[in-house]
Amino acid sequence: MILERLARGATRAARITHTEHLPPRIGSHADWPEQIRPEVIAAIRSAGIDRPWAHQARTSEHALRGESVVVATGTASGKSLAYLAPVLSRLLDGSEAPNGRGATALYLAPTKALAADQRRAVRELAAPLGTAVRPAVYDGDTPVEEREWVRQYGNYVLTNPDMLHHGILPAHARWSSFLRALRYVVIDECHTYRGVFGSHVAQVIRRLRRVCARYGSEPVFLLASATAAEPAQAATRLTGLPVVEITEDTSPRGELAFALWEPPLTELHGEQGAPVRRTATAETADLLTDLAVQGVRTVAFVRSRRGAELIALIAQERLAEVDRSLPGRIAAYRGGYLPEERRALERALHSGELLGLAATTALELGVDVSGLDAVVIAGYPGTRASLWQQAGRAGRSGQGALAVLVARDDPLDTYLVHHPEALFDQPVESTVLDPDNPYVLAPHLCAAASELPLTASDFALFGTAAAGLMPQLEAANLLRRRARAWHWTRRERAVDLTDIRGQGGSPVQVVEDGTGRLLGTVDAAAAHTTVHDGAVHLHQGRTYVVRHLDLADNVALVEEAHPPYSTTARDTTAIAILETDTEVPWGDGRLCFGSVEVTNQVVSFLRRKLITGEVLGETKLDLPPRTLRTRAVWWTVTENQLDAARVNPEQLGGALHAAEHASIGMLPLFATCDRWDIGGVSVPLHPDTLLPTVFVYDGHPGGAGFAERAFHTAADWLTATRDAIASCECEAGCPSCIQSPKCGNGNEPLHKRGAIRLLGELLRGAPREDTP
Ligand SMILES: [Zn+2]
Ligand SMILES: [Zn+2]
């Protein structure tokens, strides 16, 4: 019904390309296993839950048997209770132990906000159990004077992988009594541990298991995940242990109407005169406004921090025209806010004081935002797992709810709103991570050696690549071998060698000029493109312009301003092949996978008119180049193939460039990545291959597994790429097919028809099986 109201009017209705009705599901109950203590069952009852869902009972059975288990069921299916019942039960058993300290459990969340939320939940649930359960958060915000209490008395410690990495494991001796008694490790939202971050967390978990073994404990791992393909396999890769999976969701669900929404074409023209669609940002702001006017509680999920700010700002302005009391009931929520600001927003959403929130994925994870009627997703979030996670936030218990995916003007989103089967008839993707990446593994070997000297018997735990890295670490004077063990002998902390979030250096602080007020932070990797001199920066509805980016001190000085434009950075990229690992002939051409060095430099920025995106002008920048050693997939074509594809030398650059853009846009459908996790370069004559070449590389040092996945699914991936370009209704290329918002070259040159013919010719030579 909400959808019907939103779609009122012919122009609005035409924007809905598809509506999927997901039927309600009836729940199925079971009984708690006998070993769950009656006090725990009573506490769960007093929380209003008489009997568990079948998947909760089954998960707890495995946990009680000492088998590591992953529960991968939908949002709001009660995954927490599935692991809390056995964990609390075990904590009670231990509380009667004569030696004082009973069993302990460790809970890991990907964000501090989620850990804080979970502590509230555990406190409430375990209240009837008295002091036998002592939940405590241990993270960067925990006051120093409370930390000793947590180590000595906390028996359900909630933390994050970052704190485990640089706070708990290096100080394991002070945690000895906790670690000796550790029976369970809960890893919540474990599908978020993917790519480089996931690979780091996998190694942190191996270090934890190793330290536990020293204290004589062997904890069982209980993992919870949004629905994911092959969750047992991913959990095994993450923990290094065999893991059982529970995937059948037996909880009830209300009906969900899921609409796919394509913004209309505008009168405006973009780069190279291409037709331009209304932005997903403007469209989402409209939907959020309409829903708020109707009193519908909504969260709009937005990819970028800036987008979240902008949507909240536009919606507030529109609402002010309707009712002066409404603008205050919409806000933005994103990472980079100070913790107090975020807590206050979470509370306001809980209480209903806020009607609408434009949020980044900082809110997507477990943070309890129950009671929403609608979810608007501004742009495909990159994975089906994430899409369902966000859509699943809509719906109060048993009631019908609405989800809307608003397409951005890019090849993948355009393809998806016209191919609903790619969203609704496909399983969610599996999690890609690569713990053997030497850039990831090496610093963890150093950290492990500083925790307890390393011996050859540890290599099995850290993976096949570990032994081969030891001579390099010795040669670099990081580790020293004495007798049969390797030691960390340097004065620095070994854990400071790496940043597990892969942010590549300290974040840049955004400071208001004049007042010196700290507004927030920006990741080092994003600083050159987002807070360069002259960049427009948004923070909680206020607009700032960067006066100066000081790279030496990692500070961006900003001042409040109201420019009628936003800014986009431009960059140039060169690539060199370091080593080719695998090479497969595709007809005359080649498909390759290997190591590359990418040199990137942000050279200028464009000013674009707000809302319409029209380009107003370009300003040069003077920033140093940055290099990245990573993994890439690349393909080459020969003179014969160019002839067969009727691509002449004038069209060649544009055809390759167009194929590169579109293939980057489509890769998230095949590898669990964001288009921002990967980059590309196309060259008519590459100095290393001496042929026309297109590269797609992982945007993280050492690679993240995405380019490798692209290599293995290349025939399907490039086929979908060609189809996406060919089916676009534009004449010569537009953002829905071959133009890229990320292009360092102003989307010049691009040749749409040449790209279609070239990809067709290349694919003609592709091996029959999809795995080369
Ligand atoms: Zn197009
Ligand atoms: Zn480009």
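Hi everyone! Two housekeeping notes. Residues are numbered from 1 along each chain as its sequence is written, and chains are lettered from A and ligands numbered from 1 in the order in which they are written. Because this is a predicted model, local features need pLDDT of at least 70 and side-chain atom pairs count only at pLDDT 80 or more, while totals for chains, interfaces and linings use all residues; side-chain values use heavy atoms, with hydrogens and water left out.

Let's start with the metal. Which residues coordinate the zinc ion (ligand 1)? They are Cys728, Cys730, Cys734 and Cys737, each through its SG atom, at 2.2 to 2.4 Å. Donors here are N, O and S atoms within 2.8 Å of the metal (3.2 Å for Na, K and Ca), and water is not among the atoms, so sites may look incomplete. Along the sequence, the donor residues follow the spacing C-x1-C-x3-C-x2-C. The 4 donor atoms subtend angles of 101 to 119°, so the arrangement is tetrahedral; for four donors, that label requires all angles to lie between 85 and 135 degrees.

Are these cysteines buried or exposed? Buried means under 20% relative accessible area, exposed over 50%, and partly exposed in between, using a 1.4 Å probe and protein chains only. Cys728 is buried at 14%, Cys730 at 10% and Cys734 at 5%. As for disulfides, meaning pairs of cysteine sulfur atoms within 2.5 Å, the structure holds 0.

Now to the cores. A nonpolar core is a set of buried Ala, Val, Leu, Ile, Met, Phe, Trp, Tyr and Cys residues joined through side-chain atoms within 4.5 Å. The largest has 122 residues, and Phe258, Trp586, Trp635 and Trp717 touch the most other members. Helix H23, residues 649-666, gives the most to this core, with 8 residues. Helices (H or I, at least four residues) and strands (E, at least two) are DSSP runs, numbered from the N terminus. Another core, of 38 residues, lies apart from the largest one, and includes Val69 and Leu222.

Helix H8, residues 161-168, is mostly covered, with 7 of its 8 residues buried. Those buried residues pack against strand S3, helix H7, strand S5, helix H10 and H18. Contact, by the way, means heavy atoms within 4.5 Å.

Leu433 sits in the loop between helix H17 and helix H18. Leu433 is buried, with a relative accessible area of 2%. Beyond its neighbours within four places in sequence, Leu433 is in contact with residues including Tyr193, Ser199 and Leu238.

Over in strand S25 we find Thr567, which is buried at 6% relative accessibility. A polar atom of the Thr567 side chain lies 3.0 Å from the backbone nitrogen of Val536.

Most residues other than glycine have a negative phi, and most peptide bonds are trans. Asn477, in the loop between helix H20 and strand S18, has a phi near 60° and is exposed at 54%. Asn554 has a positive phi of about 55° and counts as partly exposed at 23%. Which peptide bond is cis? That is the bond from Glu748 to Pro749, with omega near -10°. Pro749 lies in the loop between helix H25 and helix H26.

Technical notes. Tetrahedral: all angles 85-135°; square planar, octahedral: opposite > 155°, others 65-115°. Polar contact = N/O pair within 3.5 Å; in protein donor to acceptor, adjacent residues only side chain to side chain.
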